[in-house]
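Okay, thanks everyone, I'll keep this quick. Have a look at the model on the screen and then I'll walk you through the spaces inside and one residue.

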Amino acid sequence: SDRAAPFIYLILEELDKRNLPYDLALLPMVESEFHTDSTSSQGAAGIWQFASKTGQAFGLHETSWYDGRMDVQASTLAALDYLQNLNQQFAGDWLLTLAAYNAGPGRVQKAQKTNLKKGLPTDYWSLTLPLETRLYVPKLLAISTIMQSTQKYGITLTPVTDEPFLSRIELNRQIELSLASQLAQLDLETVKQLNSCYKRGTTAPEGPHQLLLPVDAAERLQVALVNVPHKRGVRWKSHKIRPGDTLIRIANKYNVSVALLKQKNNLRSNLIHAGNYLIVPAIAMNDQSRPVVISAS
């Protein structure tokens, strides 16, 4: 409930706009326990645990810099779009909808067809589904029941005020999360947690340049950025890989080691692809690519 507190208002507000059940705001507790950087053994990611294929189908794009599945606001909109889509497929039955969100609509429909052939009911409780799905829906129902009867179950939850906690701000530049943390006067771990979608500790070179921050921190960042020159949003150079580039050639150009390039770019081999970007740490650049000095003046 502590991890959920910053996001509950954002999710409930969107549920309210769509006239959807408020219990759906608790679904990330079952999916990820509200770990924004959660990744399953099957590769599903984010608080709503989107698989890549499903995420892309609902507008969550992925690059070497950004993963929309870990973008809390974008993935929330996508998850609710997906849930609405499934709910239409299953004639407004929310238990079947939830089962389909977990197992996939095809698996649920197949189980229904099997029951129809046997003359059996096709409601959620009557279907033969994977064990995970048989546990999945009851987990959400149990959490909802506990939330509604906290005294009965001796549970103390984190209080959440009925007002926006987070603000999504659009920046006109690439910016490191560490610099954003400094300017927003907010600890770096919180900035990273709220913006797990950025894989390399910075917004992507070609965007998006959006940050999700507590309302007061967002205001401080926007005020402070006025005094920071545009080019000083990052403390390293972004190198776009060209045909014929190799790690050794790039390392020599910027006077850095291949090992450092691989470390900073999470590379397991020397294989690179034209069109992708590499981070080149500013501290190691030569005089022709002088390091950017961060200053608020």
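Points are joined across faces, edges and corners, and a volume is the space filled by probe spheres set on them.

Housekeeping: this is a predicted model, so to speak, with local features needing pLDDT of at least 70 and side-chain atom pairs counting only at pLDDT 80 or more, while totals for chains, interfaces and linings use all residues. Numbering runs from 1 along each chain as its sequence is written, and side-chain values use heavy atoms, with hydrogens and water left out.

Strands here are DSSP E runs of at least two residues, helices are H or I runs of at least four, and both are numbered from the N terminus.

Now the largest pocket, at about 640 Å³. Its lining has 24 residues, and E31, A44, Q49, N102 and E132 lie nearest the centre. Helices α2, α5 (94-103) and α7 (131-148) each put in at least two lining residues.

Staying with α2 (residues 27-31), let's pick out M29, which sits in that helix. Is M29 buried or exposed? M29 counts as buried because its relative accessibility is 18%, and the cut-offs are under 20% for buried, over 50% for exposed, and partly exposed in between, with a 1.4 Å probe and protein chains only. Skipping neighbours within four places in sequence, M29 contacts S1, A4, F34, I143 and M147, where contact means heavy atoms within 4.5 Å. Take A4: 25 residues from M29 in sequence, with the C-alpha atoms 7.9 Å apart.

Zooming out, the protein chain has 13 helices and four strands. Its C-alpha atoms fill a box of roughly 75 × 45 × 30 Å along the principal axes, and 44% of the 297 residues count as buried. That's me done.

Methods
On a 1 Å grid over the protein atoms alone, a cavity is a set of points where a 1.4 Å probe fits but cannot get out, and a pocket is an open set with protein on both sides within 12 Å along at least five of seven lines; lining residues have an atom within 4 Å of a point.
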